[in-house]
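Hi,

Here is the structure I promised to pass on. Have a look at it first, and then read my notes below.

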Amino acid sequence: MTYRAPINDMLLSLNHGAGLLAAVEAGHYNGYDPEFSAAVIEEAGKFATDVLDPLNQTGDREGIKLTDKGVVTATGWPDAYKRWCDGGWNAVSGSEEFGGQGLPLAVHSAVNEIWSAANLAFGLCPLLTLSAIDALDAHGSEELKKIYLAKLISGEWPGSMQLTEPQAGTDVGALRTRAEKQPDGTYRLFGTKIFITYGDHDMSDNIVHFILGRLPGSPPGSKGITLFLAPKYLVNADGSLGARNDIYASGIEHKLGIHASPTCTMTMGDKGGTIAWLVGKENGGMAAMFTMMNQARLGVGLQGVGLADRAYQRALAYAQERKQGKALGSKGDGSDPIIMYPDVKRNLMLMRGMTAAARTICYATAVAIDVSHRATDPKVKAKAAARGALLTPMAKAFSSDIGNEVAAIGVQVHGGMGFMEETGAAQYVRDARILTIYEGTNGVQANDLVMRKLAMSGGEAVWDLLGELTAIVKKVEASNDPAFGTTGEKLRDAVASVERTSKWLLEKIASSPAEALAGATPYLRMFSTTLGGCMLASEALAARTDEALQNDAQRYVTLARFFAENVTVQSGALERTVVDSAGAITGADAVLVA
């Protein structure tokens with residue numbers, strides 16, 4: 001079945017759940033018309049349906065090839081990428097000064113979800129380019145911006161992030177790529193990078209590589225890494241392409257999923273050294289890297305949302321078509337569609353509810369980042385920056401977990417046919433598996449949430465958010481709508497669990513950080529499901545007063561109720577997991593023996 005972007009769901013999430021309308025009304029978006037969002041998302045949906053979705057299974061089957069001329073992508077991919085750039089899709093949120101459209105990151109996030117849903121492997125290329133744009137814009141010299149920024153924003157020259165080495169994965173401070181400064185102010189790079197997404201391909205004339213390296217005499221560890229820019233082809237003074245730079249794909253990985261996305265081993269220095277330019281300051285690479293990584297982490301969360309929605313759409317279509325047996329109380333002739341069976345309905349509701357919750361968390365992260373850049377009041381900017389920092393690890397980890405879980409449930413709904421490649425359901429399971437690993441594993445995200453984001457300013461960002469969630473709970477309870485069932489009660493209990501657990505963790509950070517870290521992953525899950533449940537309830541309340549959504553308001557109420565009573569309700573158990581099991585994990589060495 002063909003992918004269709006869920007426009008109404010996305011707009012409800014963006015405008016109401018994530019707070020875009022409220023931020024616009026507060027004057028933080030400089031006169032942006034939120035009605036324009038619908039037009040952008042609708043057009044993105046058409047491009048995804050017509051161009052990207054038909055290439056998804058083709059790319060999965062064909063994969064990519066490494067030839068003596070470099071990496072060759074699957075049939076139709078270079079043409080699709082050209083159409084993508086010509087349509088202005090890479091430039092949606094780019095700076096208008098360098099040819100971008102200047103639209104909010106929140107809107108760009110919505111269209112990024114669409115690309116990931118229609119063709120995850122394709123969407124990886126612009127995702128990394130967006131991170132490269134942020135790094136260059138924030139840390140690059142004016143000269144580098146003049147040469148490269150407009151090309152990156154248009155997508156004509158996509159970007160790559162080259163961080164990982166065989167001995168340096170999560171611990172980037174262990175990298176060994178050597179950088180040598182030259183008399184003309186450039187640098188020469190020597191080394192090997194692995195797992196480099198879109199490190200080489202045939203979809204563009206040039207690629208702008210962002211590479212972490214180490215200068216002679218630099219401090220050990222992460223304090224001694226520096227970020228460099230190195231193009232695949234050097235750029236002449238008139239802007240034309242010059243000589244081939246000394247950076248090549250020396251191998252490609254054969255992966256579980258995302259087969260059409262080139263994952264390369266990149267070799268530098270076989271022909272005299274890769275010519276590169278400094279981005280930021282020498283030994284200041286960590287700050288520049290996190291600029292790239294934070295954008296990429298939100299992007300990975302959106303990949304999880306997109307993949308989950310695609311898996312849901314396919315499972316729903318199959319459940320409506322597949323006939324098997326007789327459902328309880330059925331009086332018709334012949335077999336019934338499996339969607340009539342309560343357990344199939346439960347699975348489909350779980351898929352839809354978790355996807356919707358993850359979507360709104362990601363969009364809310366983007367709105368917070370937008371406000372932190374666009375607002376004029378320094379206090380508003382600072383509060384929004386703290387909110388964006390708090391939400392980013394949840395957006396990445398929770399949403400990528402959901403991508404995996406929903407894809408797996410999709411196979412279950414298909415039954416035995418889901419295990420067969422021809423239905424398409426299995427590809428989503430394979431593609432989703434990387435999402436919890438790259439751009440910072442989900443364990444790292446949980447640690448970041450507890451040790452940095454919860455701890456900053458004594459938990460101020462957490463208390464602010466919990467205050468807003470409590471206000472949503474009060475509105476649900478005040479609605480007196482019996483269709484909400486026990487939603488208000490379940491959400492209130494969950495918010496209380498997050499508050500108690502947050503206080504417990506803050507104490508442990510100071511007295512026993514190992515115990516705090518032992519509970520980090522269940523804490524992230526608890527916080528995310530509570531946040532998602534409250535946001536879905538807020539959306540359901542908003543749908544009842546939005547003229548465009550009133551006809552669908554009751555189904556949003558039902559979805560919010562299902563999520564609160566089936567998912568958010570787990571928060572109490574997760575609280576006990578965090579608090580009660582910390583000692584068992586910190587004392588696990590006696591068990592974890594061969």
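The sulfur of Cys125 is 8.1 Å from the closest cysteine sulfur, the one in Cys85, so that pair is too far apart for a bond. For Cys362 the closest cysteine sulfur sits in Cys534, 17 Å away, again too far for a bond. The count of disulfides (pairs of cysteine sulfur atoms within 2.5 Å) is zero in this structure. Cys125 is also buried, at 1% relative accessibility, and Cys362 is buried at 0%. Buried here means under 20% relative accessible area, with exposed over 50% and partly exposed in between (1.4 Å probe, protein chains only).

Before you go further: this is a predicted model, where local features need pLDDT of at least 70 and side-chain atom pairs count only at pLDDT 80 or more, while totals for chains, interfaces and linings use all residues. Residues are numbered from 1 along each chain as its sequence is written, and side-chain values use heavy atoms, with hydrogens and water left out.

- Residues 40–156: 68% helix and 5% strand, end C-alpha atoms 21 Å apart.
- Residues 161–268: 0% helix and 46% strand, ends 14 Å apart by C-alpha.
- Residues 468–585: 81% helix and 0% strand, with 33 Å between the end C-alpha atoms.

You'll find Ile196 in strand β5 (residues 187–197), buried at 1% relative accessibility. Leaving out residues up to four places away in sequence, Ile196 touches (heavy atoms within 4.5 Å) several residues, including Met161, Leu163, Pro262 and Cys264.

Finally, helix α1 (residues 7–17) packs against helix α16 (residues 520–543) at about 100 degrees, with their axes 9 Å apart. Axes are lines fitted to C-alpha atoms, for helices over the stretch in contact, and angles run from 0 to 180 degrees between N-to-C directions.

Cheers

How values were computed: Helices (H or I, at least four residues) and strands (E, at least two) are DSSP runs, numbered from the N terminus.
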